[in-house]
Amino acid sequence: MEKIHQHSAGIDIGARNIYIGIEGEQVAVFGTFTQDFKDAVSYLLSHGIRTVAMEATGSYWIILFDVLQAAGLDVWLVDGRQTRQVPGRKTDVKDCQWINQLHSYGLLNRCFVAEGLVKELRSYQRLREDHIRSAAMHINHMQKALVEMNLRLPQVLSQVQGKSGLSIIEAILAGERNPHALLALCHGSLKNKAEDILKALEGYYTETGLFSLLQAYEAYKFYQGQILACDKKIEEVLSQNQNLPQNKPKRKEKPVRHHKPSVDGMEDHLRLLFDGKDATQLSGITSYTWFQLYTETGNDLSKWETEKHFTSWLGLSPGQNHSGKSRRNKSKGKPKAGQIFRTIGQSLLQSKRIALGEFGRRIRARKGSRIAIKAVARKLAEQYWRLMVKGQDFVEKGVEDYKNRLLAQKKKYFQKLAIELDEKTALMEMSHNQYVI
């Protein structure tokens with residue numbers, strides 16, 4: 001084999017030390033403090049190193065990656081599955097040498113690393129999602145505190161954290177105990193449930209229950225404030241990097257049902273980032289899910305050569321089975337972007353007017369929900385890649401069009417089968433006649 005990278009090094013990263021392997025040199029060991037990283041850069045430059053490969057180990061690689069890149073080195077972040085050792089070679093010292101050897105012969109592939117605006121927005125978006133999960137935990141705490149006082153609001157209200165539910169909780173914490181007064185705080189759309197809500201509001205109040213409810217309510221409101229702060233930061237970053245056109249025509253946007261960001265003109269910002277392409281025309285993708293995908297994959301999807309490369313990276317490719325058994329060494333990683341497509345696919349399965357929903361339900365009937373969700377997510381990811389890379393227009397033609405195309409395929413198949421049967425019947429008659437003669 002011929003070496004591709006002549007001036008290369010391999011780095012094995014740990015929590016306390018990093019190990020640098022250079023061909024013909026003793027393995028160098030450095031700590032993980034900032035000054036140690038700077039010393040490591042000086043060591044690499046002094047040996048004429050131009051490119052470096054290292055594994056994506058937890059979150060330890062992030063700062064080192066930035067420091068090496070800032071020094072002008074060509075840094076390759078690689079998947080640990082590509083650098084698996086043969087038996088008897090698993091040490092930190094041998095790891096870095098093995099990584100360098102593989103990299104020098106061009107046997108490693110780069111991982112996708114977000115940079116610039118994508119990297120910054122991804123940090124705020126992931127922090128926002130952490131706050132959403134924390135807020136959801138305190139919603140459960142509020143429900144538990146209410147049930148402990150036999151206030152059965154979770155049974156009669158679809159969302160305790162909704163406008164009506166929070167109004168009632170705030171009144172209870174302020175000292176209101178009259179069920180009729182609490183019922184008056186509900187939204188007018190709940191009139192049909194008035195009798196049930198009134199019964200649910202006849203509680204048995206306790207000091208411990210009220211204290212637990214107060215703690216959960218304040219924690220929930222705190223995280224709502226944190227989510228709003230993340231939204232403001234996202235809007236600030238987008239506004240600094242882009243100027244929206246004045247007097248832009250108003251367009252009807254897809255509704256975002258849950259956790260909609262308080263960011264003005266998010267969809268317009270995304271169209272500018274993608275040179276006018278609009279992912280919301282794809283089934284199930286709203287401005288919020290599009291923003292989530294942008295923070296995970298960026299706006300240049302041509303980094304993946306084909307849609308198959310893209311879906312494979314997302315973890316949405318079909319499994320490979322041999323003799324009825326799945327591969328043992330299949331990837332265990334679940335990229336965040338792939339999970340977003342899966343979430344959208346799960347919602348599309350419930351749609352009665354979208355072709356992808358009908359497609360997923362046909363698969364679900366034969367192979368189950370898990371495989372159906374994955375298949376729908378893969379179809380959607382392929383459409384997303386084609387739209388962003390090739391600019392192909394997409395129009396949702398609906399379930400009826402899908403059923404008509406499916407019926408046409410079946411008709412074509414049966415016509416072909418009928419022709420084959422006619423030919424076989426004719427041959428059988430000829431052979432029979434010859435035998436009789």
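**Notebook: cores and helix contacts in a predicted model**

I looked up the largest nonpolar core first: of its 47 residues, Ile285, Phe310, Phe341 and Tyr384 touch the most other members. A nonpolar core is taken as a set of buried Ala, Val, Leu, Ile, Met, Phe, Trp, Tyr and Cys residues joined through side-chain atoms within 4.5 Å. Buried means under 20% relative accessible area, exposed over 50%, and partly exposed in between (1.4 Å probe, protein chains only).

I noted that this is a predicted model, in which local features need pLDDT of at least 70 and side-chain atom pairs count only at pLDDT 80 or more, while totals for chains, interfaces and linings use all residues. Residues are numbered from 1 along each chain as its sequence is written, and side-chain values use heavy atoms, with hydrogens and water left out.

**Entry: the cores**

I returned to the core of 47 residues. At least two of its residues come from each of helix H4 (116-148), H9, helix H10 (266-273), helix H11 (287-297), helix H12 (307-314), helix H13 (336-348), helix H14 (355-367) and helix H15 (369-389). Helices (H or I, at least four residues) are DSSP runs, numbered from the N terminus. H15 gives the most to this core, with eleven residues. Apart from this core lies another, of 28 residues, among them Leu146, Leu166, Leu183 and Tyr217.

I then listed the contacts of phenylalanine 310 (contact means heavy atoms within 4.5 Å). Leaving aside neighbours within four places in sequence, phenylalanine 310 is in contact with Thr297, Leu301, Trp304, Phe341, Ala381, Tyr384 and Trp385.

**Entry: H14 and H15**

I found that the axes of H14 and H15 come within 7 Å and cross at roughly 150°. Axes are lines fitted to C-alpha atoms, for helices over the stretch in contact, and angles run from 0 to 180 degrees between N-to-C directions. The two helices are therefore roughly antiparallel to each other. Angles under 35 degrees count as roughly parallel, over 145 as roughly antiparallel, 65 to 115 as roughly perpendicular and the rest as oblique.

H14 passes H15 in a right-handed crossing. A crossing is right-handed if the near helix is turned clockwise from the far one by less than a right angle, and left-handed if anticlockwise. On the H14 side I listed Leu356, Phe359, Gly360, Ile363, Arg364 and Lys367, and on the H15 side Ser369, Ile371, Ala372, Ala375, Val376, Lys379, Leu380 and Gln383. By class, this contact has eight nonpolar, three polar and three charged residues. Ala, Val, Leu, Ile, Met, Phe, Trp, Tyr, Cys and Pro count as nonpolar, Asp, Glu, Lys and Arg as charged, and the others, Gly among them, as polar.

**Entry: H6 and H9**

I next looked up helix H6 (residues 163-173) and helix H9 (residues 207-241), whose axes come within 11 Å and cross at roughly 130°. That makes H6 oblique to H9, and the crossing is left-handed. Leu166, Ile169, Glu170, Ile172 and Leu173 of H6 make the contact with Leu210, Leu213, Leu214, Tyr217 and Tyr220 of H9. I counted nine nonpolar residues, no polar and one charged in this contact.

**Entry: two single residues**

I checked alanine 229, which is placed in helix H9. Alanine 229 is partly exposed, with a relative accessible area of 41%.

I placed glutamine 292 in helix H11, where glutamine 292 counts as buried at 12% relative accessibility. Neighbours within four places in sequence aside, glutamine 292 is in contact with Gln125, Glu129 and Ile340.
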